[in-house]
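Here is a short report on one protein model. Keep the sequence and the 3D view open as you read.

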Amino acid sequence: GQLQGKGVDVENYPGLFNVTGPAVVSLMRAQAVEFGATFEAETVVEIDTKRRPIRVRTNSSTIETHAVIVATGAESNWLNVKG
């Protein structure tokens with residue numbers, strides 16, 4: 001997952017040929033939307049898990065949900081070696 005957004009070619013993902021990481025992410029996102037997923041890109045300031053549905057307070061709204069996926073990102077450390 002970490003390299004999917006870096007623009008590198010994806011060579012060994014099952015069922016996909018000659019695609020870039022961003023293209024794979026786009027396809028996965030489109031599939032999730034087809035199944036009813038929604039995506040919010042906001043800064044979270046508080047998560048209240050003491051009741052259901054979970055309440056997520058952001059910098060501009062409050063979202064009620066049954067699940068939260070935390071995607072914190074990653075930093076690539078390129079080795080710069082042949083191989």
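## The sheet

In strand 4, Thr58 is the bridge partner of Val44. Strand 3 (44–48) and strand 4 (residues 54–58) pair in the antiparallel sense over four bridges. Two strands count as paired if DSSP finds at least two bridges between them. Strands themselves are DSSP runs (E, at least two residues), as are helices (H or I, at least four), and both are numbered from the N terminus.

Strand 4 also runs antiparallel to strand 5, and four bridges join them. Ile54 stands opposite Thr65 in strand 5. A hairpin of three residues links strand 4 to strand 5. Together, three strands make an open, antiparallel sheet in the order 3-4-5. Strand 3 and strand 5 are at the edges with a single partner strand each, so one side of each has no neighbour in the sheet. The twist averages 20° from one strand to the next; axes here are lines fitted to C-alpha atoms, and angles run from 0 to 180 degrees between N-to-C directions. Strands of a sheet pair through backbone hydrogen bonds, either parallel or antiparallel.

## About the model

This is a predicted model: local features need pLDDT of at least 70, side-chain atom pairs count only at pLDDT 80 or more, and totals for chains, interfaces and linings use all residues. Residues are numbered from 1 along each chain as its sequence is written, and side-chain values use heavy atoms, with hydrogens and water left out.

## The helix

Helix 1 covers residues 21–34. Gly36 follows helix 1 and has a positive phi, near 100°.

## Exposed loops

Ala41 sits in the loop between helix 1 and strand 3. Ala41 counts as exposed because its relative accessibility is 81%. The classes are buried (under 20% relative accessible area), exposed (over 50%) and partly exposed (in between), using a 1.4 Å probe and protein chains only.

Glu11 lies in the loop between strand 1 (9–10) and strand 2 (19–20). Glu11 is exposed too, with a relative accessible area of 74%. Glu11 and Ala74 are 63 residues apart in sequence and 20 Å apart in space, C-alpha to C-alpha.

Notes
Expected span 1.5 Å × (residues − 1).
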